[in-house]
Amino acid sequence: MNKIVIYTGAFGENYGFIPQKKIDGVDFFCFTDDETKIVSPWKPMKLKFDSNNEVLKNRHPKLLPHEYFKDYDISIYIDSNFLIIGNIHKLLDSLDDFKMATFDHSQSDDARNCIYKEYNAILELGKSRGVFKDDPDIMKKQIDSFKSEGYPENNGLIKGGLLIRKHNDSEVIKVMEDWWEMVSTRSKRDQLSFNYVAWKNNFTSKIIAGDLRRGNPYFYFLSAAQQNYSFKLLKYKVKRFFGIKKHP
């Protein structure tokens with residue numbers, strides 16, 4: 001039997017944790033700067049990275065599970081705003097032989113299959129809101145670098161909110177460390193670099209069918225950023241009870 005861990009992180013005052021159902025054979029851990037936020041079954045784990053940047057605090061364990069979970073065979077990272085609604089063991093069984101599995105952006109409502117398109121979408125969103133998710137100059141420099149290296153268009157785009165990995169595999173470790181190097185020194189938007197890093201390493205991640213947010217039988221997106229998800233969780237349960245919201 002594989003040892004399985006599910007983990008997440010919530011840093012800053014705008015983020016909290018969602019209570020999850022316990023799963024046989026699975027341990028739950030979280031990383032946070034405020035342990036009063038923690039709810040069952042999450043258990044705190046000490047961060048091995050010192051920074052004043054909340055995004056990088058989250059990204060370190062997200063991208064480098066081999067530094068935290070050496071005693072586990074499979075790690076499942078989820079953003080703290082996702083509710084687990086399906087059978088995780090069934091999901092893992094469906095992946096057959098894999099090293100890493102993700103959802104991809106082409107299955108979303110706002111479908112994109114390209115880092116360059118993701119970059120343009122981030123810029124457009126930032127212009128419309130007056131606030132950018134990352135420094136536009138840093139992102140442009142990164143994108144220009146990809147182009148100069150011949151990175152192709154339409155080469156895929158992951159959804160970074162869910163990552164399943166056999167994280168002790170040497171090939172996975174190499175890709176994750178290269179990804180962390182990119183995120184920690186260039187743009188902090190991890191979706192803006194994973195497919196490039198995978199291309200550089202000739203690495204392929206298995207794609208999970210469905211839309212990560214609300215179009216799959218395993219995970220459900222509750223809210224973009226919230227300290228307390230109680231109301232959103234109650235609303236979801238009411239909809240499910242009355243059959244208003246269904247999943248494939």
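Helices and strands here are DSSP runs, numbered from the N terminus. The model is predicted.

**Exercise 1.** Find the place of Asp211 relative to the strands, and decide whether Asp211 is buried or exposed.

*Solution.* 
Step 1. Asp211 sits in the loop that runs between β8 (206–207) and β9 (219–221).
Step 2. A residue counts as buried under 20% relative accessible area.
Step 3. Asp211 has a relative accessibility of 12%, so Asp211 is buried.

**Exercise 2.** Describe the largest nonpolar core and state which element gives the largest share of it.

*Solution.* 
Step 1. This core holds 39 residues, and Phe69, Ile115, Phe146, Met176, Trp179 and Phe194 have the most contacts inside it.
Step 2. Elements giving two or more residues include β1 (4–10), β2 (26–32), α3 (115–129) and α5 (170–185).
Step 3. The largest share, 7 residues, comes from α5.
Step 4. Apart from this core lies another, of 29 residues, including Ile4, Phe17, Trp42 and Phe82.

**Exercise 3.** Which residues are in contact with Phe69, leaving aside neighbours within four places in sequence?

*Solution.* 
The contacts of Phe69 are Val5, Tyr7, Phe29, Phe31, Met45, His167 and Asn168.

Notes:
Residues are numbered from 1 along each chain as its sequence is written. This is a predicted model: local features need pLDDT of at least 70, side-chain atom pairs count only at pLDDT 80 or more; totals for chains, interfaces and linings use all residues. Side-chain values use heavy atoms; hydrogens and water are left out. A nonpolar core is a set of buried Ala, Val, Leu, Ile, Met, Phe, Trp, Tyr and Cys residues joined through side-chain atoms within 4.5 Å. Buried means under 20% relative accessible area, exposed over 50%, partly exposed in between (1.4 Å probe, protein chains only). Helices (H or I, at least four residues) and strands (E, at least two) are DSSP runs, numbered from the N terminus. Contact means heavy atoms within 4.5 Å.
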